Amino acid sequence: MKNTFKEIILFIGPSLLLLLVFTVLPVITSLFLSITDFNAYSFMDWSRTQIVWFQNFIDVLHDDLFWKAVLNTFYAFILAYPTTIFFSLLFAFLLNREETYFKNFFRLLIYLPSVTSTIAIAVVWSWILNPKYGLLNWFLGLFGIPPQEWLSDTRWAMLAVVSLVVWKAIGPNMLLFIAGLQGIPEELYEAAEIDGANRWQQFLHITLPGLRPVLLFVSVMLGIGYLQLFEEPYMLTGGGPLNSTLSIVLYLYQKGFRAFEFGYASSVAFILFLMIFALTYIQMKLRIYQE
């Protein structure tokens, strides 16, 4: 049956309209603002806006605070990225085994943080990490370890933020890995056992190759998500102490919605887009190389 042009527009038109209004248009607007000095005064009088071309980008690249935010973001990325994949994969294995009891309960328990409001989670974590009456310091005290200023010490603040990020991200990625594990034919494991392969050899030669598509998807999505780190440092530390948890997006937010330097903030956003694009491109190339 041939679809007419009107029918096609009727079905995909609303989606295209939403994509245009909420994705394409803001991206084009942000790109335009990045070459202007648009600020709070420009809202009242657009004639105050001047085209500055690449001056915002030059200023950003000479901004020490921006590079501090870049280092913080990649530091969090390096800590959180492998940790999330490791624990997501580990829990997926454990909760995919037939011998494991109460699997649905534990899946729900691990997945629950990802559907809970970040504000509510941040309040709970602020209590857990409180230096005076927090649960973590109380637990460490049982082993004679002195209390730590988890959120106001530059040595621990980013680790506290990363722990919250990882805790939230494990649940959904664990479910993806479980779906990937259940898609691997059981006959392959039976044939491997007959050939004398142990569990580790089965993991290397059957499980990992079978999980490659899921691993690629999880890797790309985690990379994009962690480079856009914002909610957790904003709620827990506000970027402090001494900007030790200031991420790129949090810096963008401060420039755009506190200093009202929208042109400058848009140039930061565009540089972040280039970073994410480069990381995703590298991951896709590595995937092709592995195949």
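A salt bridge is taken here as a side-chain nitrogen of Lys or Arg within 4 Å of a carboxyl oxygen of Asp or Glu. The model is predicted, so local features need pLDDT of at least 70 and side-chain atom pairs count only at pLDDT 80 or more, whereas totals for chains, interfaces and linings use all residues. Residues are numbered from 1 along each chain as its sequence is written, and side-chain values use heavy atoms, with hydrogens and water left out.

The structure holds 5 salt bridges. One of them joins Lys 168 to Glu 231, with the closest N and O atoms 3.9 Å apart. Lys 168 belongs to helix 7 (residues 157-182) and Glu 231 to helix 11 (residues 231-236), so this pair ties together parts that are 63 residues apart in sequence. Helices are DSSP runs of H or I with at least four residues, numbered from the N terminus. Lys 168 is buried at 13% relative accessible area, while Glu 231, at 41%, counts as partly exposed; buried means under 20% relative accessible area, exposed over 50%, and partly exposed in between, with a 1.4 Å probe and protein chains only. Lys 168 and Glu 231 also belong to a network of salt bridges that includes Glu 232.

Another salt bridge links Arg 155 and Asp 153, whose closest N and O atoms are 2.9 Å apart. Arg 155 is exposed, at 55%, and Asp 153 is buried, at 16%.

Lys 255 pairs with Glu 261 in a salt bridge at 3.5 Å between the closest N and O atoms. Asp 63 lies in the loop between helix 2 (55-61) and helix 3 (64-96). The side chain of Asp 63 makes a polar contact of 2.6 Å with that of Tyr 264.

Helix 9 (residues 199-210) has buried residues at Gln 202, Phe 203, Ile 206 and Thr 207. Viewed down the helix axis, the buried residues of helix 9 fall within an arc of 125°, so they line one face; the arc is that of the directions from the axis to the C-beta atoms. These buried residues pack against helix 3, helix 7 and helix 8 (186-194), contact meaning heavy atoms within 4.5 Å. On the other side of helix 9, Trp 200 and His 205 are exposed.

Technical notes. Helices (H or I, at least four residues) and strands (E, at least two) are DSSP runs, numbered from the N terminus. A polar contact is a pair of N or O atoms within 3.5 Å; within protein, one must be able to donate a hydrogen and the other to accept it, and residues adjacent in sequence count only if both atoms are side-chain atoms.
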